[in-house]
Amino acid sequence: MTDLTTEADQGTAKPYADQRKSRIVERITSSGRIDAVQIADELGVTGETIRKDLIALERQGLLRRVHGGAVPVQSLSFEPAVETRLQLAAEKIRIARAALQHLPAQGSVLIDAGSTTAKLVEMFPGDRDLTVYTNTVPLAMSLLTRPRLTVFTLGGRLRNKTFAEVGDWTLRVLAEINVDVAFLGTNGISLSRGLTTPDPAEAAVKRLMLGCAAKRVLLADHSKFGVIKGTKHADLQDIDVLIADTGLPDDRYAQLLAAGIDVERA
């Protein structure tokens, strides 16, 4: 998790409004909730200042205010349930940490929407020059805290459940870019039906992400295996590396290996 301590905590300059908002979005993306009193204390500003920041971010559709703080917009929907995401937070962190080993020393990467890819962004290093593409606005905002990165969003229509950019505009951009590594997410993994996701528009975007990457790394906790959700966006053989957690049962692990899938359990 990004440390919110700033010069304000040391009695010097307080963070600017844009810096506060960026950190609020980063924290809420990684933690699933934010406490207004706590973050006001961490940033060295008043509760009224944070209240105004939260109102402004809510008007931008980047969070939803609740009593005592705020939650991500998608946490009030069911795609997938926020409870599931929070229960598997430790697994997602381990998967994201393992995914860091596939980051190139230089070049470009693409980061898909998803709660596990959000953990990857939370840990993303700032010690190298990389061009990063993402179809998710909160992830892009979080990455801006690393000044050596060049960050692009894909553009397009924003889905209010996942903040993912979809539609013709997004597809046109994906048809033109080329990246060294794509870090991908999915809602379901089936040996017979491949990778699936509930929304057809997101499936179309995920499908094109495969074609623009030299290396494709799928991040998926064990709850995704044996699940089929809506629209297919890839075959398992389209993935170069699948990173799961140790909760993946041995029999499923063996089935994936037998199918020729390169699987890592973190």
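Trainee: Are R146 and E26 buried or exposed?

Mentor: Both R146 and E26 are buried, where buried means under 20% relative accessible area, exposed over 50% and partly exposed in between (1.4 Å probe, protein chains only). Please note that this is a predicted model, in which local features need pLDDT of at least 70, side-chain atom pairs count only at pLDDT 80 or more, and totals for chains, interfaces and linings use all residues. Residues are numbered from 1 along each chain as its sequence is written, and side-chain values use heavy atoms, with hydrogens and water left out.

Trainee: What does R146 form with E26?

Mentor: Side chains of opposite charge can pair when their charged atoms come close. R146 forms a salt bridge with E26 (a side-chain nitrogen of Lys or Arg within 4 Å of a carboxyl oxygen of Asp or Glu), and their closest N and O atoms are 3.8 Å apart. R146 lies in the loop between helix 7 (137–143) and strand 6 (149–153), while E26 belongs to helix 1 (residues 17–31), so the pair ties together parts 120 residues apart in sequence. Helices (H or I, at least four residues) and strands (E, at least two) are DSSP runs, numbered from the N terminus.

Trainee: Which side chain meets that of R27 in a salt bridge?

Mentor: That of E42, at 3.3 Å from N to O. This pair links distant parts of the chain, with R27 in helix 1 and E42 in helix 2 (residues 36–43), 15 residues apart. R27 and E42 are buried.

Trainee: How many salt bridges are there by this rule?

Mentor: The count comes to 15.
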